[in-house]
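User: Please take me through this model by question and answer, in plain terms.

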Amino acid sequence: MANINDVSRLAKVSKATVSRVLSGSRGVKEESRLAVMQAVETLQYKPSVIAQSLSTQSTGCIGVICATENINQSTGYLHALEKELRLNQKYLLLRFATDAASLTHSVDEIGRGLCDAMIVIGARFALPVLPENVITIDCLDADSARSIHFDRSFAAETACQYVLKQGRRQIALINPESHETAGQILQGYHLALEKFLLPYDRRLVHSGGQALSQLLAQNVPFNALLVPDDATAQDALRQLAQHGRAVPENVMVFSLDSTLPQGVSAVPAIAYPLETLAQRAMALLTGQFSASLSAPVRGQLSLPS
């Protein structure tokens, strides 16, 4: 197995130069950098992660903590993040959290020298105070310069406009219980109704775990249903079938947050660009996040095949 001495001899540079090239340090001549990279490829040299972390005081590892209640949505983010981290020669350390207490425990556990920074994904509970080296993705009510937010108002307005153009004018909405996110979705819902000169019927808007059951029980007619995410969409399809409501003939179900590829989802959806999210996360982690990237991420209309 090749070692750093072999790379140094083949590239005809010092071991210190090899170390600087492999750690990404500046101040190395381009010809020396190319010679080192060619030698690494020729020898198939794999530097020791432990040795690198000791010399750079960096683990090269990013901790990712996923909220288990939103794990189906988070899976797509994980694939995109892992790919982006590999491109940047970093590793992913995965943990899970069920609530604020377990999130705090995970942050404390892996934040003690096991990773350089952390990402929290998909938390639907109130977040505890997090350290400066933690960023959040798709966490409800997260309000921080180190958070990646989605444009929920745009998603709801786009969804309403789509179903209205399909001739569906009685649009029910199942909203998340999170106050901030629910408010954004409701804003987009209102804007679309106003644009099409439709009245707002509060009986069509519900939130909570029994939202769809309550909607079906009150017998208010609706022919379109907006739901927060893919998991809720699947549950809605099951419940509607039990009540004899054919989809999409009787009711068109629309997911406001999908991480499924185009054409895979069984219902129309707003899909978020996972690669863009991963790139924004990396920009935040490396301190390269600019004002132009701070705007909420807008999803795109995704239709089933």
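Analyst: On a 1 Å grid over the protein atoms alone, a cavity is a set of points where a 1.4 Å probe fits but cannot get out, and lining residues have an atom within 4 Å of a point. Grid points are joined across faces, edges and corners, and a volume is the space filled by probe spheres set on the points. This is a predicted model, where local features need pLDDT of at least 70 and side-chain atom pairs count only at pLDDT 80 or more, while totals for chains, interfaces and linings use all residues. Residues are numbered from 1 along each chain as its sequence is written, and side-chain values use heavy atoms, with hydrogens and water left out.

User: How many cavities of 30 Å³ or more are found in the whole structure?

Analyst: The search covers the whole structure and takes cavities of 30 Å³ or more. The second largest cavity holds about 40 Å³ of space. The number found is two.

User: Which helices each supply at least two residues of the lining of the second largest cavity?

Analyst: The lining consists of Tyr77, Ala80, Leu81, Ile137, Leu274, Leu277 and Ala278. Helices (H or I, at least four residues) and strands (E, at least two) are DSSP runs, numbered from the N terminus. The helices asked for are α5 (71–87) and α11 (274–285).

User: How is the aromatic pair of Tyr77 and Phe150 classed, stacked or edge-to-face?

Analyst: Rings of Phe, Tyr and Trp (its six-membered ring) pair if their centres lie within 6.5 Å; planes under 30 degrees apart count as stacked, over 60 as edge-to-face and the rest as tilted. By this rule there are four aromatic pairs. For Tyr77 and Phe150 the centres are 6.4 Å apart and the planes are at 65°, so the pair is edge-to-face.

User: How do the axes of α1 and α2 lie, roughly parallel or roughly perpendicular?

Analyst: Axes are lines fitted to C-alpha atoms, for helices over the stretch in contact (heavy atoms within 4.5 Å), and angles run from 0 to 180 degrees between N-to-C directions. Angles under 35 degrees count as roughly parallel, over 145 as roughly antiparallel, 65 to 115 as roughly perpendicular and the rest as oblique. The axes of α1 (residues 4–11) and α2 (residues 15–22) come within 9 Å and cross at roughly 100°. Therefore α1 is, relative to α2, roughly perpendicular.

Terms used. On a 1 Å grid over the protein atoms alone, a cavity is a set of points where a 1.4 Å probe fits but cannot get out, and a pocket is an open set with protein on both sides within 12 Å along at least five of seven lines; lining residues have an atom within 4 Å of a point.
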